[in-house]
Amino acid sequence: MSGSYTESPLFRGMTEEEIELCLKEAKADIVGFRKGEMIFNQGDKPRYITMLLEGSVSVGNDSVNGKRSILGMFSNPGELFGEVFLFLNHDEYANYACASAPSKVLEIPKDYLTKFGDEPSPMQNKMLSNLLTIFAERTYYLNNRLQVLSCSTLKQKIARFILQNMNDRDRVTLKMSREEFADFLNAARPSLSRELMKMQEDGYIKVVRKDLIVKNLEGLKSL
């Protein structure tokens with residue numbers, strides 16, 4: 001078995017040989033998904049640690065009135081998604097995961113990290129330690145998202161998102177479609193498009209396809 005998992009945070013500090021042995025012992029498998037295909041649904045029983053190898057995945061949930069909210073987008077090989085539900089006293093996923101593009105996902109049966117013999121092996125211990133770090137990073141991400149959603153206006157949400165995610169060239173390259181970005185901000189797509197154009201007209205940003213280029217950094221900070 002080979003793939004993009006060797007650089008994953010889950011296997012930090014492990015050799016390629018150790019990783020291959022773990023995946024063999026765990027009876028892990030690589031599964032392909034078409035664009036728009038569900039990897040797991042709300043209400044499904046968690047059975048695997050799921051790791052993105054290729055493509056992109058959106059994670060979200062549907063409210064009782066049918067409104068869809070995007071909680072996270074995953075496009076980096078080696079990223080985990082939905083893993084927290086394996087360690088909660090829940091029998092089902094509260095979210096869904098959908099392939100946003102043709103994707104390959106590594107599925108590691110959860111028993112490998114939740115059920116042991118007398119004690120975990122050294123490699124299992126490494127993976128469990130890495131999972132703690134991943135959970136901490138996920139908490140940091142969710143805290144940042146809460147800061148975005150707590151803004152009172154859509155303009156402030158966009159500004160906060162840009163300030164959190166821009167690179168050293170004052171640019172954010174969106175890893176999601178405009179519709180997914182609107183869901184992420186809990187806004188309607190037409191409202192998002194209008195606000196982006198208004199912010200461009202006001203000189204805060206320049207919109208170039210999926211790139212949001214900062215033109216007035218201090219202005220964004222003051223919104």
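Predicted model: local features only at pLDDT ≥ 70, side-chain atom pairs only at ≥ 80, totals over all residues.
Biologist: How many helices and strands does the chain have?
Modeller: Seven helices and 11 strands. Helices (H or I, at least four residues) and strands (E, at least two) are DSSP runs, numbered from the N terminus. The C-alpha trace spans about 65 × 40 × 30 Å along its principal axes.

Biologist: What does the domain assignment give?
Modeller: Domain 1 (9-142) and domain 2 (151-222); such bounds come from an automatic or database domain assignment. Their centres, taken over C-alpha atoms, are 29 Å apart. Across the two, 11 residues of domain 1 are in contact with six residues of domain 2, where contact means heavy atoms within 4.5 Å.

Biologist: Back to helices. At what angle do α1 and α3 pack?
Modeller: About 95°, with the axes of α1 (residues 16-26) and α3 (residues 122-149) 10 Å apart. α1 and α3 are therefore roughly perpendicular to each other.

Biologist: Which residues meet there?
Modeller: Glu18, Leu21 and Cys22 in α1 meet Met123, Lys126 and Met127 in α3. By class, that contact has four nonpolar, no polar and two charged residues. For the classes, Ala, Val, Leu, Ile, Met, Phe, Trp, Tyr, Cys and Pro count as nonpolar, Asp, Glu, Lys and Arg as charged, and the others, Gly among them, as polar.

Biologist: And how do α3 and α4 pack?
Modeller: At an angle of about 150°, with axes 8 Å apart, so α3 and α4 are roughly antiparallel to each other. Asn144, Gln147, Val148 and Leu149 of α3 make the contact with Lys157, Arg160, Phe161 and Gln164 of α4. The classes here are three nonpolar, three polar and two charged.

Biologist: What about α4 with α6?
Modeller: The axes of α4 (residues 154-165) and α6 (residues 189-201) come within 10 Å and cross at roughly 70°. That makes α4 roughly perpendicular to α6. From α4 the contact uses Leu154, Lys155, Ile158 and Ala159, and from α6 Ser191, Leu192, Glu195, Leu196 and Met199. These divide into six nonpolar, one polar and two charged.

Biologist: Let's zoom in on Leu154. Buried or exposed?
Modeller: Leu154 counts as buried, because its relative accessibility is 16%. Buried means under 20% relative accessible area, exposed over 50%, and partly exposed in between (1.4 Å probe, protein chains only). Not counting residues up to four places away in sequence, Leu154 touches Leu185, Ala187, Ser191, Leu192 and Glu195.

Biologist: Which residues touch the most other members in the largest nonpolar core?
Modeller: Ile158, Ile162, Phe181, Leu185, Ile205, Leu212 and Leu220, out of 27 residues. A nonpolar core is a set of buried Ala, Val, Leu, Ile, Met, Phe, Trp, Tyr and Cys residues joined through side-chain atoms within 4.5 Å.

Biologist: Which helix gives the most to this core?
Modeller: α4, with five residues. The core also draws at least three residues from each of domain 1 and domain 2.

Biologist: What does Ile162 touch?
Modeller: Leaving aside neighbours within four places in sequence, Ile162 is in contact with Val172, Ile205, Leu212, Val214 and Leu220. There's also a second, separate core of 22 residues, which includes Tyr5, Leu10, Ala28 and Leu86.

Biologist: New topic: where does Lys27 lie?
Modeller: In the loop between α1 and β1 (29-33). Lys27 has a positive phi of about 60° although it is not a glycine, and Lys27 is exposed, with a relative accessible area of 68%.

Biologist: And where is Asn186?
Modeller: In the loop between α5 and α6. Asn186 also has a positive phi, near 60°, and is partly exposed at 43% relative accessible area.

Methods: Residues numbered from 1 in each chain as written. Heavy atoms only, no water. Axes fitted to C-alpha atoms, helices over the stretch in contact; angles between N-to-C directions. Parallel < 35°, antiparallel > 145°, perpendicular 65-115°, else oblique.
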